[in-house]
Amino acid sequence: MLRFGILSTAKIGAELVVPAIQDAENCVVTAVASRDLAKARAMADRFSVPQAFGSYEEMLASDVIDAVYIPLPTSQHVEWAIRAADAGKHVLVEKPLALKADEIDAVIAARDRNKVVVTEAFMVTYAPVWRKVRALLQEGAIGKLRHVQGAFTYFNRDPGNMRNIPALGGGGLPDIGVYPTITTRFATGQEPKRVQAVTERDPEFGTDIYSSVKAEFDSFELSFYISTQLANRQVMVFHGTDGFIEVKSPFNADRYGAEEIELTNRNHGESRIFRFPDSRQYKREAEAFARAALGEKEEIVSLESSKLNQAFIDAIYRASEKDGWETV
């Protein structure tokens, strides 16, 4: 069993990841840390976790954990991923890992010098729905892929929410723009060459709240939009010469509708629906990470892939400041 320490009492950890780790077959939460010991103790009691620490440093120095999950504000991810790795702990760090691609080099160096597993928590890459999309594309179910189209939106104007605070790494692209990019790269195995983009910022917060993106890959195009101030929507469509794949509720399983894939042929004469009623993508993520940390062969998101994904996001920001194409 891989023993996890949770570095902070953040909402995503308490609501989604800690229950998933506790439900997993090969890992368990043995400690919670917070800068407020009372908060750490309350969360530990909630999940029957034996240890609570009043500082992150104290937990990292302890021998009651083998790995840490880091759900801190984005601006702190790189620092604490490095500090955890230097403490000899395996690291599962919430997305986005960094705000610039070159910041990930220091995390890669920390991983290598400490010989630990460090990975960005892209739970979608462990979900059966995305494994199925990748398999369908590989077997030629829609012929030659020509276009990928996507959207991910929600509405949040809470000034106290970290997504609306630039100093904490807020903004639409870091929060949700990473999902159309990682899933397209994961499903197709291809990398973007160049991008065009339009981005709008909130005049009060200063964060990016809307982006419309066009990206060119070797053999297809990707177009998607994201927003933190539009009605909730999620969709991804892979369109080929012989049919198309529509992924419903592609990122937040079951929260935006049924998690399923619809595969439709060229003339709409046949559709097949693949349903995934028990995805539990956070549980699968925790189990895959644990297997890798325990020395088993396992496909996880490498830091090198994370750097490529962040380079994509960086290019979108640059493209938003100009007319025409920007090289990734």
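Reply: Let's take α6, whose buried residues pack against α7, α8 and the strands β11, β12, β13 and β14. Keep in mind that this is a predicted model. The helix covers residues 128–138, and the residues tucked away in it are P128, V129, W130, V133, R134, L136 and L137.

α6 packs on a sheet, touching β11 (229–240), β12 (243–248), β13 and β14. Compare directions and you'll find that α6 makes about 175 degrees with β12. The sheet itself is open and has nine strands, in the order β14-β13-β12-β11-β7-β10-β9-β8-β15, with mixed pairing.

β14 (271–275) is an edge strand, as is β15 (326–327), and each of them pairs on one side only. The pairing between β14 and β13 (residues 260–265) is antiparallel, over five bridges.

Next, the neighbouring helix. The axes of α6 and α7 come within 8 Å and cross at roughly 45 degrees, which makes the two helices oblique to each other. On the α6 side, the contact is made by W130, R131, V133, R134 and L137, and on the α7 side by T183, F186, A187 and T188. Sort those residues by class and you get five nonpolar, two polar and two charged. Notice that W130, V133, R134 and L137 of this contact are also on the list of buried residues.

And what does α7 itself lie across? Helix α7 (residues 172–188) lies across β7 (145–155), β8 (194–201), β9 (208–216), β10 (221–227) and β11, and runs at about 155 degrees to β10. β11 is also one of the strands that α6 touches.

That leaves α8, another partner of the buried residues of α6. Helix α8 (residues 281–293) also meets α1 (residues 11–23): their axes come within 8 Å and cross at roughly 60 degrees, so this pair is oblique too. The crossing is right-handed. From α1, the contact uses I12, L16, V17, A20, I21 and D23, and from α8 it uses Y282, K283 and A286. By class, that contact has seven nonpolar and two charged residues, with no polar ones.

Notes. Residues are numbered from 1 along each chain as its sequence is written. This is a predicted model: local features need pLDDT of at least 70, side-chain atom pairs count only at pLDDT 80 or more; totals for chains, interfaces and linings use all residues. Side-chain values use heavy atoms; hydrogens and water are left out. Two strands pair if DSSP finds at least two bridges between them. Helices (H or I, at least four residues) and strands (E, at least two) are DSSP runs, numbered from the N terminus. Contact means heavy atoms within 4.5 Å. Axes are lines fitted to C-alpha atoms, for helices over the stretch in contact, and angles run from 0 to 180 degrees between N-to-C directions. Angles under 35 degrees count as roughly parallel, over 145 as roughly antiparallel, 65 to 115 as roughly perpendicular and the rest as oblique. A crossing is left-handed if the near helix is turned anticlockwise from the far one by less than a right angle, and right-handed if clockwise. Ala, Val, Leu, Ile, Met, Phe, Trp, Tyr, Cys and Pro count as nonpolar, Asp, Glu, Lys and Arg as charged, and the others, Gly among them, as polar. Buried means under 20% relative accessible area, exposed over 50%, partly exposed in between (1.4 Å probe, protein chains only).
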